[in-house]
Amino acid sequence: MPPKSDSVEGIVLGFVNEQNRPLNSQNVADALQKFNLKKTAVQKALDALADSGQISFKEYGKQKIYIARQDQFDIPNGEELEEMKKANAKLQEELADQKKAISEVESEVRGLQSNLTLAEIKSKETKLQSEVQEMEEKLDKLQSGVILVKPEDKKIIEDSFAEKVNQWRKRKRMFKELWDNITENSPKDQKEFKEELGLEYDEDVGVNLQSYTDMLASLNKRRKISR
């Protein structure tokens, strides 16, 4: 007579039949921890079920391996197995299609998440409107002829700029004369020698004296016209 489903033996029997694979007592005890069953109780139930012929077992040394009785299961014939294989293949295709659809949806969700939310858009809009207003106010001042920089301050800045450009030009000329004298009879390649000394030309750091010289010339021309 089969044990009650809610008894220890009933729970163990149901698990062994459900798994339908070789199990030892530790496997069963670990899986049935949710029922608060101790290993000793599980072992006792397994032995009782085996003794009553409700499950099968084999001994390997000191260890017993338990398995569900196979005569209780309907074993499919060749035709049924073939149908099952076809059904499985169809299910695998459907699973692949579902995974692809899920991947596409997840990709779309990631794309939507990377976009700004409505609150973020409104915040950015407010910030941009504020910046536009500031720029329009500044433009109005310029168009109205308001002097933003005092003439004396402007002159100080222009004189400082002119002095620095002239000093730059002078030092560049001095370096060239000195460099030419040093390397005139040197057997070393000038480029390699410069790298060895750790020297950098203006062009090496992305600046050009000529562009500043042109700005200075334009400044001097405006000064002459305004006199």
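**Close-up views of a predicted model**

**View A. Asp 189 caps the N-terminal end of helix α7 (residues 190–197).** A side-chain oxygen of Asp 189 lies 3.1 Å from the backbone nitrogen of Lys 191. Gly 198, with a positive phi near 75°, follows α7. Helices are DSSP runs (H or I, at least four residues), numbered from the N terminus. The model is predicted: local features need pLDDT of at least 70, side-chain atom pairs count only at pLDDT 80 or more, and totals for chains, interfaces and linings use all residues. Residues are numbered from 1 along each chain as its sequence is written, and side-chain values use heavy atoms, with hydrogens and water left out.

**View B. Helix α1 (residues 8–19) crosses helix α3 (residues 39–51) at roughly 75°.** Their axes, lines fitted to C-alpha atoms over the stretch in contact, come within 9 Å. The two helices are therefore roughly perpendicular (65 to 115 degrees, on a scale from 0 to 180 between N-to-C directions). Contact (heavy atoms within 4.5 Å) involves Val 8, Glu 9, Val 12, Leu 13 and Val 16 of α1, and Ala 41, Ala 45, Leu 46, Ala 48 and Leu 49 of α3. Of these residues, 9 are nonpolar, none polar and 1 charged (Ala, Val, Leu, Ile, Met, Phe, Trp, Tyr, Cys and Pro count as nonpolar; Asp, Glu, Lys and Arg as charged; the others as polar).

Key: Angles under 35 degrees count as roughly parallel, over 145 as roughly antiparallel, 65 to 115 as roughly perpendicular and the rest as oblique. A polar contact is a pair of N or O atoms within 3.5 Å; within protein, one must be able to donate a hydrogen and the other to accept it, and residues adjacent in sequence count only if both atoms are side-chain atoms.
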